[in-house]
Amino acid sequence: AAKSAVLALSVLANLACINGHSQLMRPEINALELFLALLADEDAQSKSPLVLPYAIAGVRNLANQVGAAEQLRKSGGEQLLQELVSRPDAADILDESTLVHATKTLMLVNDLAMKAKGKVP
């Protein structure tokens, strides 16, 4: 069951990357909420070392959409990611690529928030 769940998570993260935003952000699906829940779920993370990287990749891929970036900011997901990358052991629990994804997600959400406020062209 754990392998199936990780495979499904991988598919969702990849779908988010290839313009699946509209389907994944529908209220009845809301993959962003799933990805954020997995970021905070240490039990799920303990079942597979791939849960956290896929959750971060899914958040990053969805954050390319303004609506998802706003939801990430309003839901506390941005704070959750910030806490994750700020941990002293972040380099131990995340591989380098995943840490870069998380950091770039935070930058993207911040940039989109500034654009929404009209502070950036």
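Which residues in α3 meet which residues in α5? The legends below start there, and they describe a predicted model.

**View 1. Where α3 and α5 touch.** On the α3 side, the residues in contact are Ala31, Leu32, Phe35, Leu36, Leu38 and Leu39. Across from them, α5 brings Val51, Leu52, Tyr54, Ala55, Ile56, Gly58, Val59 and Leu62. Sort the residues of this contact by type and you get 13 nonpolar, 1 polar and no charged.

**View 2. How the two helices sit against each other.** A pair of packed helices is described by the angle between their axes and the distance between those axes. Here helix α3 (residues 31-40) packs against helix α5 (residues 51-62) at an angle of about 145°. Their axes are 9 Å apart, and α3 passes α5 in a left-handed crossing.

**View 3. A close look at Val59.** Leaving aside residues up to four places away in sequence, Val59 touches Leu32, Phe35, Leu36, Leu39, Leu72, Leu81 and Thr105. Val59 is also one of the α5 residues that meet α3.

**View 4. The largest nonpolar core.** This core has 32 residues. Leu32, Leu39, Ile56, Val59 and Leu62 are the ones with the most contacts inside it. Which elements give two or more residues to the core? They are α1 (2-17), α3, α5, α6 (66-75), α7 (77-86) and α9 (96-116). The biggest giver is α5, with 7 residues.

View 5. Have a look at the loop between α2 (21-24) and α3, where Asn30 lies. Asn30 isn't a glycine, yet it has a positive phi of about 35°. Is Asn30 buried or exposed? Its relative accessibility is 10%, and the cut-off for buried is under 20%, so Asn30 counts as buried.

**View 6. Stepping back to the whole chain.** The C-alpha trace spans about 45 × 35 × 20 Å along its principal axes. For 121 residues, a compact globule would have a radius of gyration near 14 Å, and the chain agrees with that at 14 Å. Of those 121 residues, 38% count as buried. Take the contacts between residues at least 6 apart in sequence, and 65% of them join residues at least 24 apart.

How values were computed
Residues numbered from 1 in each chain as written. Predicted model: local features only at pLDDT ≥ 70, side-chain atom pairs only at ≥ 80, totals over all residues. Heavy atoms only, no water. Axes fitted to C-alpha atoms, helices over the stretch in contact; angles between N-to-C directions. Helix = DSSP H or I, 4+ residues; strand = E, 2+ residues; numbered from the N terminus. Left-handed = near helix turned anticlockwise from the far one by under 90°. Contact = heavy atoms within 4.5 Å. Nonpolar A, V, L, I, M, F, W, Y, C, P; charged D, E, K, R; others polar. Core = buried A, V, L, I, M, F, W, Y, C linked by side-chain atoms within 4.5 Å. Buried < 20%, exposed > 50% of the residue type's maximum accessible area, 1.4 Å probe, protein only. Rg over C-alpha atoms; globule rule 2.2 N^0.38 Å.
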